[in-house]
Amino acid sequence: MRRAINYVPDRHSGLILAILPFVFLMGIYLVGSDARLSANPDDKLMPGLRAFFDAINHLAFTENRRTGEYVFWTDTLISLQRIFIGLSISTVLAIAIGLPIGLLPYLNRLFGPFMAAFSLIPPLAVLPILFIIFGLGELSKIVLIIFGVAPFLIRDMAMATLAIPKEQIVKAQTLSASSWQILIHVVFPQVLPRLFDSLRLMLGATWLFLIAAEAIASEGGLGYRIFLVRRYLAMDVILPYVAWITLLAFLMDYFLMLGSRAMCLWHHIR
Amino acid sequence: MTEIAIKNVFKEYNGNPILERVNVTLPDHEFCLILGSSGAGKSTLLRMLLSQETPSRGEILIDGEPIDIEPQADRGVVFQRYSVFPHKTVLDNVLAGPSFRESRFFGRLFGGRKAKLRDRAMELLEQVGLSDAADKYPVQLSGGMQQRLAIAQALIMEPKVLLLDEPFGALDQSTKKSMHKLILDLWNANKMTIVMVTHDIQEAFTLGTRVLMVDKLRRDPQAPEAYGSTIVHDLRLDPARKAPLDPSDSEENQSMEDIFLKWAGRMDHAIVEGAPHPTTTEAASVSAKEVA
């Protein structure tokens with residue numbers, strides 16, 4: 001009899017264990033759904049597999065009679081576009097503002113405390129202000145994402161810059177590097193892995209801001225659709241949409257990891 | 001001709017004196033070692049030579065001119081740790097300095113200029129014994145190889161002075177010996193001045209043409225921070241007249257096992273079990289018995 005901490009599953013067992021909770025959840029759902037539907041065929045809370053199939057078919061593979069679009073894919077495209085633009089601009093800000101703040105002591109003193117305070121403002125509380133200033137269009141949703149993600153990334157990049165050993169900065173100076181050259185050749189490559197990691201960790205929050213903004217005022221998008229059909233208790237639409245959003249977030253996380261491996265070879269060796 | 005003059009240098013932090021009245025002149029092609037116990041201030045002195053810190057009083061001159069207020073290319077440095085760029089390959093690390101100097105915006109050279117620089121870099125890597133590792137990253141190298149890279153990276157800039165802060169402190173004995181040979185060979189070939197901080201007294205006397213010891217002259221037991229350190233010993237050595245410490249010490253590339261067997265030989269009278277020159281398999285069973 002060993003201590004619990006010393007029982008380690010091998011690779012095969014590990015795989016089975018990983019799949020187990022998902023299978024279990026599916027099983028419970030199907031059993032529950034079946035029970036409810038046999039009691040009340042019009043039950044809206046836990047639709048059966050047939051209902052999901054019909055809903056997905058209708059949204060994703062049938063042209064909408066009024067607008068001529070495939071609603072599911074249009075929603076996906078709109079949401080992904082907003083996220084992509086929002087995250088891209090946030091990343092550029094993180095590099096352009098965060099790195100100099102970390103590297104130049106004057107900028108650190110000037111902007112450090114301000115960025116710290118700014119990042120504590122709750123983004124969703126600011127959403128109405130954004131709607132007032134930028135209207136209800138694309139811009140306010142993208143700005144919300146930037147507002148939620150950029151301050152955090154800027155602080156993270158500044159801290160990553162400060163964490164670079166002083167010895168490397170001094171050595172670079174003896175190699176006749178200027179501040180600019182130190183920024184692009186010593187600082188940037190070394191904070192890049194951390195940038196990828198932070199982006200991955202921010203994906204959850206990013207989707208949150210997107211869905212919230214779409215729920216409140218939008219004409220399309222995955223979050224918009226979910227909150228729209230809420231009124232009809234259309235769980236057969238909502239649950240697939242939620243699963244799809246989760247899958248998209250997973251894929252984004254995966255591709256960011258691949259990006260890190262490709263662009264920061266040195267970090268992943270050994 | 002590089003003459004370094006440290007004139008009446010004092011250094012204090014927050015009112016606490018670290019160094020006081022430091023006066024020393026190093027003529028051209030000196031191999032100067034600075035010894036001292038931990039916290040004595042020897043690294044502080046090196047940092048002032050590097051311009052990483054500025055003296056509170058006094059001045060440091062190279063060839064009669066005060067040194068620049070920032071670290072510059074005339075004074076190369078090798079630190080004990082973090083001395084190379086982990087995100088660049090071995091070759092790119094060595095190319096870095098001249099690339100920074102020649103290309104102020106991109107920090108990178110292209111085409112013909114790069115090819116010429118590459119040849120010079122490979123020559124230098126050959127000298128330090130890293131020509132096979134040119135495309136590896138520092139994390140794939142051993143500690144000794146990383147320090148060789150740091151030295152090559154500094155030397156390609158052809159500095160007037162090479163400053164080393166306990167560069168071999170983290171290395172095992174046999175690696176240290178090969179590094180000593182390397183640094184002496186490079187010093188002879190390049191005719192530059194070297195200033196090295198160490199707390200290894202044997203290393204200091206083996207390598208140096210000048211050995212300085214930094215320590216506190218006065219101590220107040222009630223107030224340990226009241227006085228700073230200064231140079232308490234200053235010896236000039238003639239390398240031609242140094243007695244060889246041990247004939248086997250001059251052999252290159254002594255492996256750890258060689259050193260082990262040498263010591264086992266010396267301790268022959270104290271060994272309770274096993275012979276001083278066992279074979280590898282015998283050595284394994286001998287050490288098991290000694291532990292038991």
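How many of the 13 residues of H4(B) are buried? In this predicted model, 10 of the 13 residues are buried, and the helix is thus mostly covered. Helix H4 of chain B comprises residues 143-155. Its buried residues are B:Gln146, B:Gln147, B:Arg148, B:Leu149, B:Ala150, B:Ile151, B:Ala152, B:Gln153, B:Ala154 and B:Leu155. At 1.5 Å a residue, a helix of 13 residues should span 18 Å, and the end C-alpha atoms of H4(B) are 19 Å apart, which agrees.

The surroundings of H4(B) involve both chains. From chain B, the buried residues of H4(B) pack against E6, H2, helix H3 (111-128), strand E7 (161-165) and helix H5 (173-190). From chain A, helix H7 (166-174) packs against these buried residues as well.

The contact between the two chains takes 20 residues from chain A and 27 residues from chain B. On the side of chain B that touches chain A, the elements giving two or more residues are strand E6 (75-78) and helix H2 (90-102). H2(B) provides the largest share of this side, with four residues. Divided by class, the side of chain B that touches chain A holds 14 nonpolar, eight polar and five charged residues. Both E6 and H2 of chain B are also among the elements against which the buried residues of H4(B) pack.

Each chain is assigned two domains. In chain A, domain 1 covers residues 4-44 and domain 2 covers residues 71-268. The centres of these two domains of chain A, taken over C-alpha atoms, are separated by 33 Å. In chain B, domain 1 covers residues 4-245 and domain 2 covers residues 255-292. For chain B, the centres of domain 1 and domain 2, again taken over C-alpha atoms, are separated by 37 Å.

Within chain A, a helix pair was examined. Two packed helices are described by the angle between their axes and the distance between the axes. Helix H5 (residues 123-134) and helix H6 (residues 138-162) of chain A pack at an angle of about 145°, and their axes are 9 Å apart. The crossing of H5(A) and H6(A) is right-handed. On the H5(A) side, the residues that meet H6(A) are A:Pro123, A:Val126, A:Leu127, A:Leu130, A:Phe131 and A:Phe134. On the H6(A) side, their counterparts are A:Leu139, A:Ser140, A:Val143, A:Leu144, A:Phe147 and A:Gly148. By class, the residues of the contact of H5(A) with H6(A) are 10 nonpolar and two polar, with no charged residues.

Note on methods. Residues numbered from 1 in each chain as written. Chains lettered and ligands numbered in written order. Predicted model: local features only at pLDDT ≥ 70, side-chain atom pairs only at ≥ 80, totals over all residues. Domains from an automatic or database assignment. Contact = placed C-beta atoms within 7 Å. Nonpolar A, V, L, I, M, F, W, Y, C, P; charged D, E, K, R; others polar. Expected span 1.5 Å × (residues − 1). Buried ≥ 20, exposed ≤ 12 C-beta atoms within 10 Å, placed from the backbone. Axes fitted to C-alpha atoms, helices over the stretch in contact; angles between N-to-C directions. Left-handed = near helix turned anticlockwise from the far one by under 90°.
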